[in-house]
Amino acid sequence: MLKKFQEALDKREAAGILRTLKPKLDGIDFYSNDYLGLAGNEEFQHILLQQIQENPRLISGSSGSRLISGNSNITDETENYIAEQHQYPAALLFSSGYNANLALLSTLPDRHDTIIVDEQIHRSVHDACRMSHAKKIKFRHNDLEDLENILKKQTGPSYIAIESLYSMDGDFAPIQEVAALAKRYGAALIVDEAHAFGVFGYGLIEKYQLQHDVFAAVMTYGKALGAHGAAILCDKTVKSYLVNFASPFIYTTAAQDFSWIAIKNGYEFLKLEPELSKKLHQNIEIFRNQNIETPSSKLSPIQAVLVPDNQQLKNLQKTLSDNEFLTYAVYSPTVKTGTERLRICLHSFNTEEDIIELTRIIKEFI
């Protein structure tokens, strides 16, 4: 067994794509998901510290799953608060967006159903489909015609799973059009708002008032909110069904109450600091004005720069790192050969000078 594992690792190392764990680096952040800077915001940290000082038990372990000893008034209050904020009947908290997607799509569809997923959807959805007894079909990325052709052929219940903002290309789903197709063909639409929440208010579902057209949504809080955890927004019946049948929920020790307090306070902080989102969008505009070729949307905080060669990409990232710019390179086979890319995340705290210098170095390589 060990020999087989080592051979796979050696093969990946020879290709220059071996993943290793590294300590968090010091430098100019163009790679984290901390879009609004809340993870390092001292004012927000002070608010959370006050909460702990007033109630130190917040940082204690929950002592069990939520169905045993891990539920609390704080958990229930936070779920009710989130549901109210998003204008959904119910919300169910999870320790991560990965677990939320795993619970949702491994539990709701059964062996007689079909899950239709965008080919670029997050890995957590693909893993959930493997746990499900339902059939999975992929449609071409953001291709409404391909999606409709698949829907026409379905004879039983169907689910459509998309992201509102995709993390690899940094482009948006045509969410309104997908919602219309789902409604026309009687499919249940599930939307992952991980990268849109906080960046565009409470996400694109709220922006376009699609609450009645989106069967369930996933909001994650480890990105723009600078916290941790996730929530599924859904009908009360769906919430009860997940509590009763979703293995990732039933068999997981609940998070500390501090996680839920941080989320609730994060929502309140976003209301008080609208300038953070404004500054982020100004920085996105500054980046786009440097005329770097990218498949990403002009409004997205994620800007992908295609560098279709693993070695050239590695050299570019090293040069940026030598100049203290922290970026994330995505190599094949994580993405298709020829679509290797530098994934740049923009934040409210990046300076105009740093954005211009970053793009100057990139232009020397592409």
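Thr114 stands opposite Lys135 in β4. The chain passes from β3 to β4 through helix α5 (residues 123-131), and this β-α-β crossover is right-handed, meaning that, with the strands pointing away from the viewer, the path from the first strand over the helix to the second runs clockwise. Helices (H or I, at least four residues) and strands (E, at least two) are DSSP runs, numbered from the N terminus.

This is a predicted model, in which local features need pLDDT of at least 70, side-chain atom pairs count only at pLDDT 80 or more, and totals for chains, interfaces and linings use all residues. Residues are numbered from 1 along each chain as its sequence is written, and side-chain values use heavy atoms, with hydrogens and water left out.

| Partner of β3 | Bridges | Direction |
|---|---|---|
| β4 (residues 135-139) | five bridges | parallel |
| β5 (residues 158-163) | four bridges | parallel |

On the β5 side, Ile116 stands opposite Ile160. Five of the five residues of β3 (residues 114-118) are buried (under 20% relative accessible area with a 1.4 Å probe, protein chains only; exposed is over 50%, partly exposed in between). Thr114, Ile116 and Asp118 lie on one face, Ile115 and Val117 on the other, and both faces are covered.

Helix α11 (residues 257-272) has 16 residues and reaches 23 Å from its first C-alpha to its last, close to the 22 Å expected; the expected span is 1.5 Å times one less than the number of residues. Its buried residues include Trp260, Ile261, Tyr267 and Phe269. Among the elements covering the buried residues of α11 are α2 (42-54), α3 (73-86), β2 (90-94) and α12 (274-288).

Notes: Contact means heavy atoms within 4.5 Å. Two strands pair if DSSP finds at least two bridges between them.
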